[in-house]
Amino acid sequence: MVRQLLIPRIGATGLFQRDIQFPPQAQVIDQRSFNALQIISPPFEADGYTHFIPPGSTQSWLLARPFHIYDEEFLDIIGPNPTLTLLNHTESDPIFHEAPVWYPVKDEMFFVQNAGAGAAGTGLAKSAIIQKISLSAVTPAIASQRNESGSVTVEVVESNPTVMNPNGGTNYQGQLLFLGEGQGESIAPAMYLMNPEPPYNTTGEAPIHPAATMLTQSGLLLDNFFGRQFNSLNDVSVNPRNGELYFTDPTYGHVQDFRPPPGMPKQVWRFSEATGAVRVAADGFHMPNGITFSPNGSHLYVSDTGMNQGFFGTNHSFPSTIYRYDVGEDGTLGNRKAFAFVTPGIPDGMHVDTKGNLYVGAGDGVQVYNPSGKLIGKIYIGSVVANFQFAGLGRMVILAETELYYATLAAEGAFPGTMY
């Protein structure tokens, strides 16, 4: 890629149908410039974790303007002046990992530490923790800068009883629903409902929704299938049509050394709290991981991150793929299609905006796909983003393991839990 195509400027590049003033933090990535490279590294050098640097560019240049425009559609998503700001960081502990859930009542974003990471010491020895930040503390002055690390306080949330090794999360019935991966043989993976207000109780006292009356006094919504433990509950999404919970159950707890060998297939499940029914929704995965519904509930996206096999290593012939299902009126899934193959890294956390575009945490940041599966842009971090979450209109919090970012853009997230 020639350098002048990367510089924000007025005018068309052949990719656009209109003359455009590109935002200061944005740049065009013209895939035509590297469709035929002639000299290509062998697979043992350029694999599924390798970051591709377009010809004529550098890593520092890609980071300098982190909103990468692959298609004109991305301009409507980022708007005229998108920003990306580092809010906090650690030296090695991956405390900015997963389960981001926005609590709009207090404008707070909850998230969790990496369970099973060596640098965290979590998993078998101790549980990963839940944390939060106040988004009202992110002033326009902070958001206008690229590096404001330490400007926002990260607060530990002591759930009571403890959500054991939390990994997935969503809004549900006005509260926060977390999936715990479990710990060892005796503490099973489970689904917890937590009060977002102090003392952050996960007990079944004073449910705020009629269907929540089935909540046990331990705060567990679900922890078994006819007496059998799940493997390692990972991620969850609410069907906007009927309020049922769809969740993934890979074996990452086992391959990260804090859960026993799996006792059930790696599947997508659905759970109706109203009736108590638990049933398999889809199977045939290497590692089902991220999951999210389209805004109207007509489609379900599920990522298979089988390429990452934990202590078994990496298998680059296994999926790093997002699949899309049609969702029937009765909630059944059908017509599975390969939606996108993601590189670098694996497609982890996924969310949609109100227009139906799919955002994916990947090995280089947040990748954005339109509803037909075309990559239209990236929010380039240059490192792994396990998950992220919108905070309503024009705001996003990005979890990059040891780094916490705040982005402003034009898109609005499709808020989970609006109806249920």
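Predicted model: local features only at pLDDT ≥ 70, side-chain atom pairs only at ≥ 80, totals over all residues.

Me: Which residues have the most contacts inside the largest nonpolar core?
Reply: The largest nonpolar core has 29 residues. Four of them have the most contacts inside it. They are Ile77, Tyr359, Met396 and Ile398.

Me: What is Ile77 in contact with, leaving aside neighbours within four places in sequence?
Reply: Ile77 is one of the residues with the most contacts inside the core. With its sequence neighbours set aside, its partners include Tyr359, also on that list.

Me: Now the rings. Are the planes of Phe230 and Trp269 stacked or edge-to-face?
Reply: The count for the model comes to 13 aromatic pairs. In the pair of Phe230 and Trp269, the ring centres are 5.3 Å apart. Planes over 60 degrees apart count as edge-to-face. These planes are at 80 degrees, so the pair is edge-to-face.

Me: How many residues apart are Phe230 and Trp269?
Reply: Phe230 sits in the loop between β11 (220-222) and β12 (236-238). Trp269 is in strand β14 (residues 267-271). The pair links distant parts of the chain, 39 residues apart.

Me: Are Phe230 and Trp269 buried or exposed?
Reply: Ring pairs link both into a cluster with Phe225, Phe226 and Phe247. As for their surface, Phe230 and Trp269 are both buried.

Me: Which ring has Arg336 over its face at 3.7 Å from the ring centre?
Reply: Arg336 lies over the face of Phe285, but there the distance to the ring centre is 5.0 Å. The value of 3.7 Å belongs to another ring under Arg336. That ring is Tyr323.

Me: Is Asn370 buried or exposed?
Reply: Asn370 lies in the loop between β22 (365-369) and β23 (375-380). Its relative accessible area is 5%. Buried means under 20%. Asn370 is therefore buried.

Me: Which side chain makes a polar contact with the side chain of Asn370?
Reply: Not counting residues up to four places away in sequence, Asn370 touches Glu73, Phe339, Asn357 and Ile376. The polar contact has a distance of 2.8 Å. Its partner is the side chain of Ser372.

Me: How far apart do the end C-alpha atoms of residues 224-393 lie?
Reply: UniProt, in an unreviewed entry, lists this span as "domain: SMP-30/Gluconolactonase/LRE-like region". The span is 2% helix and 41% strand. Its end C-alpha atoms are separated by 37 Å.

Technical notes:
Residues numbered from 1 in each chain as written. Heavy atoms only, no water. Core = buried A, V, L, I, M, F, W, Y, C linked by side-chain atoms within 4.5 Å. Buried < 20%, exposed > 50% of the residue type's maximum accessible area, 1.4 Å probe, protein only. Contact = heavy atoms within 4.5 Å. Phe/Tyr/Trp six-rings, centres within 6.5 Å; stacked < 30°, edge-to-face > 60°. Helix = DSSP H or I, 4+ residues; strand = E, 2+ residues; numbered from the N terminus. Lys NZ or Arg CZ within 6 Å of the ring centre and 35° of its normal. Polar contact = N/O pair within 3.5 Å; in protein donor to acceptor, adjacent residues only side chain to side chain. UniProt positions renumbered as here; feature names shortened; annotations may be inferred.
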